[in-house]
Amino acid sequence: MQGILKVYNTLSRKKEIFEPLNSPFVGMYVCGPTVYSDPHLGHARSNINFDVIYRYLKFLGYKVRYVRNITDVGHLTDEVADSGEDRIQKKAKIEKIEPMEVVQQYTNSFHQMLKKINVLPPSIEPRASAHIPEQIKITQKIIENGYAYESNGSVYLDIQQYAAKFKYGELSGRNTEELLEGTRALEGQEEKKNPMDFALWKKASPEHLMRWDSPWSEGFPGWHLECTAMSTKYLGNQFDIHGGGMDLQFPHHESELAQSNSCFGCTPAKYWLHNNMVTINGQKMARSLGNFITVEELTTGNHVLLEKAYSPMTIRFFILQAHYRGTLDFSNEALSASTKAYKKIINGLKIIKTLKPDEGANESINSTLDAEIIKFCNDCFLGLNDDFNTAATIASLFNLLKKINSFNTNQSDINTIQKSTFELLQKTYIDIVENILGLVEEKTTNSSGFINGLLELYSDAKNQKDYAKVDKIRSYFKSEGLLIKDSKTLVDWQYEE
RNA sequence: GGUCGCGUGGCCGAGCGGUUAGGCUGAGGUCUGCAAAACCUCCUACAGCGGUUCAAAUCCGCUCGCGACCUCCA
């Protein structure tokens with residue numbers, strides 16, 4: 001293992017050493033999207049952040065079971081009044097299709113988006129609607145335990161009862177008494193003993209489309225319950241990591257915590273990780289605010305706020321060059337900077353894969369350079385170990401990249417570092433870029449023989465000082481988005497920036 | 001109103017008691033048929049005002065500005 005991993009736990013508000021409950025196994029649950037529209041940059045961020053966490057844990061040798069759900073039922077437009085319409089159903093009515101068609105359509109577009117930005121699929125991707133019996137069972141158990149009550153066919157978690165034994169609000173830093181006093185009764189809440197109580201099961205109104213039988217009524221589960229049902233089903237009553245966006249901290253995750261306590265008598269997760277929001281003009285990007293840009297729009301450039309299109313890997317790089325717990329502001333300038341930086345990283349990847357010291361070289365070792373490279377390699381992991389600080393890791397990566405490039409162009413001599421240092425450099429760079437950050441080449445060429453042949457012609461023309469031909473070949477490359485690089489000792493190509 | 005967080009050089013973005021973060025942009029240089037690429041150098045900032053300390057962007061207080069959550073949201 002590569003040093004000690006520390007993670008920021010929302011529950012304790014501190015960085016803690018990561019120690020799985022049952023090493024080497026790690027259980028990780030992350031809240032997925034409610035599938036009623038196309039995914040935007042914010043969804044990309046959350047999924048990329050947790051993808052890197054998943055990849056790094058696996059890299060460290062843990063056996064990770066990663067569960068990420070799809071919410072396809074129970075998510076109302078107005079949770080506080082518990083009288084809102086189901087989000088999926090609302091969309092289905094607008095488009096005049098079945099609710100499950102809405103679910104399928106946007107699940108597909110979610111998956112397509114993830115594939116583009118190179119997010120690995122989770123171990124299990126459960127759907128809320130496929131876990132109704134489990135949710136009913138948990139509700140029954142909570143009623144038995146005395147923390148929930150039935151009212152007119154619906155079932156609510158009784159915060160007052162709960163607060164007598166547990167702390168409601170511990171995850172989001174809220175005070176139960178204040179919550180109980182501060183909230184006034186709103187319309188549509190007559191069934192509740194207390195306005196803070198939240199629904200575990202809702203009786204369906206006659207026009208409600210998605211409905212299931214239950215001991216209390218024909219109805220549907222409350223939004224928070226699905227995650228409790230699915231996480232504990234696949235990961236056990238207690239697991240290691242629960243993740244999601246910061247905006248889910250309250251009430252969603254707080255309620256999940258309460259459900260687990262009142263059903264199983266224990267908190268569900270040891271570490272709670274929350275990624276911060278993408279902002280646009282300083283404001284949170286959100287579906288409800290209508291200020292979002294979808295990943296599709298970003299990659300096509302088809303949006304009024306976009307000056308041009310940005311590739312999926314550029315988006316991935318853009319997200320990773322910031323730490324996951326800070327806000328990240330969208331701007332064309334920042335994305336353009338990422339476009340260049342990403343290409344540099346990938347060109348370095350191409351170089352390091354073929355670079356090697358000369359056989360039987362006998363130069364004396366430059367111990368300063370040698371030590372510097374070892375340090376930068378270690379720094380890459382120090383960043384990751386410090387609460388997955390990919391921004392710090394990428395900074396070290398660029399320091400390594402400079403060394404790689406100068407070896408490649410013979411501006412410094414690769415034979416003056418130890419063979420073991422070179423191997424460390426090569427392994428570190430590839431591991432970090434491809435396996436952990438998940439940055440891969442976007443344009444893959446299967447015609448390297450063809451390219452190399454042309455490069456030979458290019459060199460020949462150059463030797464003959466036939467510059468007209470030289471420029472012509474160069475322009476052919478350029479039209480393919482490739483760039484010929486001349487240096488004193490070699491001619492090579494790379495992706496254009 | 002309550003709770004929490006943030007304000008870093010032209011832009012993005014790390015750092016969170018003492019060392020050049022890094023990227024993009026801009027300037028200069030090496031190389032080059034010309035370029036490009038690459039490398040080197042420079043532009044050395046931490047909202048403001050106090051305080052603690054040998055030492056503060058980093059800790060404390062106040063002020064100003066911005067945001068998140070308290071309804072749904074990754």
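**Where domain 1 meets domain 2**

Across the interface of domain 1 and domain 2 there are 3 salt bridges. This is a predicted model, and chain A is assigned three domains: domain 1 (6–275), domain 2 (295–436) and domain 3 (448–495). Here is a quick tour of the contact between domain 1 and domain 2.

**Charged and polar links**
- One salt bridge to look up pairs Asp51 with Arg316, whose closest N and O atoms are 2.8 Å apart.
- Counting residues at pLDDT 80 or more, 13 residue pairs are in polar contact between domain 1 and domain 2.

**What the domain 1 side is made of**
- Four elements each supply at least two residues of the side of domain 1 that touches domain 2: β1 (6–9), α1 (41–59), α3 (99–116) and β10 (269–275).
- Of these, α1 gives the largest share, with 11 residues.
- Sorted by class, this side of domain 1 has 15 nonpolar, 5 polar and 6 charged residues.

**Extent of the contact**
- The centres of domain 1 and domain 2, taken over C-alpha atoms, lie 36 Å apart.
- Domain 1 brings 26 residues to the contact, and domain 2 brings 30 residues.
- Interface size is often expressed as the accessible area lost when the parts come together.
- For domain 1 and domain 2, the buried area is about 2600 Å², with carbon and sulfur atoms giving 65% of that area.

Conventions
Residues numbered from 1 in each chain as written. Chains lettered and ligands numbered in written order. Predicted model: local features only at pLDDT ≥ 70, side-chain atom pairs only at ≥ 80, totals over all residues. Heavy atoms only, no water. Domains from an automatic or database assignment. Contact = heavy atoms within 4.5 Å. Buried area = accessible area lost by both parts, 1.4 Å probe. Salt bridge = Lys/Arg side-chain N within 4 Å of Asp/Glu carboxyl O. Polar contact = N/O pair within 3.5 Å; in protein donor to acceptor, adjacent residues only side chain to side chain. Nonpolar A, V, L, I, M, F, W, Y, C, P; charged D, E, K, R; others polar.
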